[in-house]
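Reader: I have a structure open and would like to talk through a few of its features with you. Shall we take it step by step?

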Amino acid sequence: MKVMAIEEALRAHPDDLTAWHAYSDRLLERGDARGTLIRLEQRLPRTRPADRPALEREIADLVAEHEDRWDDGLPGAARVRSRRYGFATEVAVTWSDDVREVVEQVLRAPFVTTLRLTSNAADDDDDDEEWDEDWDEEDEDGWDLAVDRGAPRPGRLDVRALAGLDLGRLTELDLSYLSVGFDGAEFLAGLFVSDRLRALDLRYCRVADTGLAALAARPQLAGLRRLHLQRNRLTADGVRSLHRLTELTELDLRYNDLGEAGARALLAAPFACSLTRLWLYDSDVGEDGVRELAQAANLPPGLRSMWRCV
């Protein structure tokens, strides 16, 4: 099998150990040390506990010797956040005037399937859960700005700078804390030409009901499993648009004024019975909304019992 065909197969099935073994053959033919790394890391789970320290040292020495050269194909502005067998799989890029060229080059890497776009080079090193509260200042448009906990201010950007890019290879995209806007969300929806995306983070992106409706209407996004929509000025109408995303299992709706109607819209969603995680506060839905959630027979028992304790 040709190298490109193996890479395509591995992007679709990244846990296929047989395909990785075949890929290691091609890498070794080209003198790429990652071929050896694949063999060593695949051997590790089958190694006797007494022999594992020696094998782990061999792996560490191999990585230390060659890792600097493994990112030669990535632009300097890209920051690798995660790897598999030495290949970059998750990359962060700071928004800049040449963001399109940088992202385009990142997407040429064979196994980058997770992309995070940030407004500041330091943003991707912060703990996301520390940014949940205390956003109470507003800009000239009435949108909240970050003022506490060291959280970054939402960066202003025009996502049309990404025009022409094919984001279809991505399984996860993180745009959190970037000012996408409802019109930007509508434009962004058109950049997905495959149905591979499984996680989308739009916290503090200002997409509002209109932008969310445009994204949810995109057939290529119907397979989303995880969606973060914290602080986007969503209402019950926005929640209703999510009914198209039937595969959702994790949903973040914090800091949106949903009210009881929003709680009812959530419970009417086809994915309500499949949710494993739901980020939502009592203040988002009000007392009547809390009562609806606590009594909802179609919510998983764990989530329903949580609302009974509110």
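**A pocket and a bent helix**

Author: Gladly! This is a predicted model. To start with a pocket, helix 1 (3-12) and strand 2 (87-94) each supply at least two residues of the lining of the second largest pocket.

Reader: Which helix gives the most to the lining of the second largest pocket?

Author: This pocket has a volume of about 260 Å³. It is lined by 14 residues, and those closest to its centre are L10, R11, P14, R84 and T113. By class, the lining holds five nonpolar, four polar and five charged residues. With three residues, the element that gives the most is helix 1.

Reader: Thanks! Now to helix 10: where does it bend?

Author: Helix 10 covers residues 282-294, and as a straight helix of 13 residues it would span 18 Å. Between its end C-alpha atoms, however, it spans only 11 Å. The bend is about 85 degrees, and it lies at D288.

Reader: What covers the buried residues of helix 10?

Author: The buried residues here are D284, V285, G289, V290, L293 and A294. What covers them includes helix 9 (259-267) and helix 11 (301-308).

Reader: And is E292 buried or partly exposed?

Author: E292 is found in helix 10. Leaving out residues up to four places away in sequence, E292 touches E260, A263, R264 and L267. Its C-alpha atom is separated by 6.8 Å from that of A263, 29 residues apart along the chain. Buried would need under 20% relative accessible area, and E292 has 25% relative accessibility, so it counts as partly exposed.

Notes
Residues numbered from 1 in each chain as written. Predicted model: local features only at pLDDT ≥ 70, side-chain atom pairs only at ≥ 80, totals over all residues. Heavy atoms only, no water. Helix = DSSP H or I, 4+ residues; strand = E, 2+ residues; numbered from the N terminus. Expected span 1.5 Å × (residues − 1). Bend = angle between axes of the 7 residues up to and from the residue. Buried < 20%, exposed > 50% of the residue type's maximum accessible area, 1.4 Å probe, protein only. Contact = heavy atoms within 4.5 Å. 1 Å grid on protein atoms, 1.4 Å probe; cavity = no way out; pocket = protein on both sides within 12 Å on 5 of 7 lines; lining within 4 Å. Points joined across faces, edges and corners; volume = space filled by probe spheres on them. Nonpolar A, V, L, I, M, F, W, Y, C, P; charged D, E, K, R; others polar.
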